[in-house]
Amino acid sequence: MSTALESLLDLLDLEQIERDIFRGTSRSAVVPRVFGGQVAAQALVAAGRTVPADRTAHSLHSYFLRMGDPGAPIVYSVDRIRDGRSFTTRRVVAVQHGQPIFHLSASFQAYEEGLEHQADMPPAPDPETLPTAEQMLPRYADVFTDPGVMDRLLEARAAVDLRYVGAPPFANVGTPQEPRSQVWFRTNGKLADDPLLHVCMATYVSDMTLLDSVLLAHGRGGWAVGDVVGASLDHAMWFHRPFRADEWLLYDQESPSASGGRGLGQARIYTQDGRLAITVIQEGVVRVPRD
C-alpha cells in the first residue's frame, strides 16, 4: 500500500466524539478548499458507522452548501431517520466554524434477491495500456499558469491510480469536443474487505473528473487552468452491485446539459468484467471568469 493511500485511509477514519457525532480532518485540494469528494466520503463513513453491518449503502444524495476550510476539522452529525426491516436511512450534516457546509442523505439495504438487468459496458481500452498521472500530466505543464498546480495534481492522484482514456480537458484548450470522458481508476494498494470502505473510496474518486465532459463541450481547460470558475453543487450516487475500489473501475461520463452558469454530469461506473456497479449524477457551478 502506498503512503498516499495510507494517508487517505487515515483521513476517512473519523474520530467518534459522541453518539452519532464524528470529527474528521481535512487537507487542501488542487484549489485552496476542501475537496468535495473528501467531504462526501467522510459523511458516508459517518452514516455507515451507525448502520447494522448486514446493510450496505445503495444510494446517497447530497448538497455542497459552503466552501470547506482545509485548516479546520469538520464535525459530522448523524440523524437516524429510519430503521426499517429492509432499509435504513441516515441524514448527515457536516459543520465547520458553526455553519453547515455539506448535507447528505444516504440509504442502506439488507441484501435480497430481485430482478436483474443492466446497461452494457461501453468499449474502452485496457487500463494497463494507458499512461499514469506521472507519465501524462508533465506533458501539459505549460498550460497551467500556477507552477504549483502540477505538484498538487500529482499529490491529489497519489492515492488513486487514475488514467484518462482520451485527452483530459486541459490538453485541448480552445477546441470544443464531444461532451464525453472516460477514466479508469483503482486505489494504489489493496484495501480491507469492508464493503463500506470500497463504497466510500468510490465516492471520494467520483468527484474528481465528473464535470470534465462539461469542460470538453466548450473547449475549457478547467479550474487548474483558470479558464472557468467552478464548484460542486449537488452529488447523487446509486450503488447497484458489489465492487472493489482496489480493482479497475471504468468511469464513463457525459454531460447532457449546461446552462445558467451550471453544468450537469452523469456517469456509469463498471467493473473490468462489465458489471454496472454505480450510477452518478452531479451538477456544478461552471462560470467563465469575468475580465
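Which residues does I278 touch, not counting residues up to four places away in sequence? Keep that in mind as you set up the view.

**Before you start**

This is a predicted model: local features need pLDDT of at least 70, side-chain atom pairs count only at pLDDT 80 or more, and totals for chains, interfaces and linings use all residues. Residues are numbered from 1 along each chain as its sequence is written, and side-chain values use heavy atoms, with hydrogens and water left out.

**Stop 1: I278 and the cores**

Select I278. Leaving out residues up to four places away in sequence, I278 touches A202, M237, W238, F239, H240, F243, A267, R268 and I269. Contact here means heavy atoms within 4.5 Å. A second, separate core of six residues includes W248, L250, Y270 and L276. Together with I278, they have the most contacts inside the largest nonpolar core, which has 68 residues. A nonpolar core is a set of buried Ala, Val, Leu, Ile, Met, Phe, Trp, Tyr and Cys residues joined through side-chain atoms within 4.5 Å. Buried means under 20% relative accessible area, exposed means over 50%, and partly exposed is in between (1.4 Å probe, protein chains only). In soluble globular proteins, nonpolar side chains tend to be buried together.

**Stop 2: the whole sheet**

Switch to a cartoon view. Helices (H or I, at least four residues) and strands (E, at least two) are DSSP runs, numbered from the N terminus. Two strands pair if DSSP finds at least two bridges between them. Twelve strands form an open sheet with antiparallel pairing, in the order β1-β2-β4-β5-β6-β3-β9-β12-β11-β10-β8-β7. Look at the edge strands, β1 (15–18) and β7 (160–164): each pairs on one side only. On average, neighbouring strands of this sheet are turned by 25° against each other, direction ignored. For such angles, axes are lines fitted to C-alpha atoms, for helices over the stretch in contact, and angles run from 0 to 180 degrees between N-to-C directions.

**Stop 3**

Select residues 21–24, strand β2. Four bridges join β2 to β4 (residues 74–83), and the two run antiparallel. Find R23: V75 in β4 stands opposite.

Move on to β5 (residues 87–96). β4 and β5 pair in the antiparallel sense over eight bridges. They form a hairpin with three residues between them. Two bridge pairs to pick out are R80 with R90 and D79 with R91.

Show the side chains of β5. Which point to one face and are buried? They are T88, R90, V92, A94 and Q96.

Next comes β6 (residues 99–110). Ten bridges join β5 to β6, which run antiparallel. T89 has S107 in β6 as its bridge partner. This hairpin has two residues between its strands, and H97 in the turn has a positive phi of about 50°.

**Stop 4: β9, β12 and a helix across the sheet**

Select residues 229–239 for β9 and 276–287 for β12. Ten bridges join these antiparallel strands. D234 stands opposite E283 in β12. Now select helix α5 (residues 195–209). It lies across β3 (55–64), β6, β7, β8 (180–187), β9, β10 (249–259) and β12, running at about 145° to β9.

**Stop 5**

Select D252 in strand β10. Is D252 buried or exposed? D252 counts as buried because its relative accessibility is 11%. A polar contact of 3.0 Å joins the side chains of D252 and R180. Such a contact is a pair of N or O atoms within 3.5 Å; within protein, one must be able to donate a hydrogen and the other to accept it, and residues adjacent in sequence count only if both atoms are side-chain atoms. Beyond its neighbours within four places in sequence, D252 is in contact with P122, R180, S181, Q182, Q266, A267 and R268.

Jump to D212 in helix α6 (residues 212–217). D212 counts as buried, at 8% relative accessibility. Not counting residues up to four places away in sequence, D212 touches Y164, P169 and S181.

**Last stop: L154**

Select L154 in helix α4 (residues 149–156). L154 counts as partly exposed, at 24% relative accessibility. Not counting residues up to four places away in sequence, L154 touches A133, E134 and L137. L154 and A133 are 21 residues apart in sequence and 6.7 Å apart in space, C-alpha to C-alpha.
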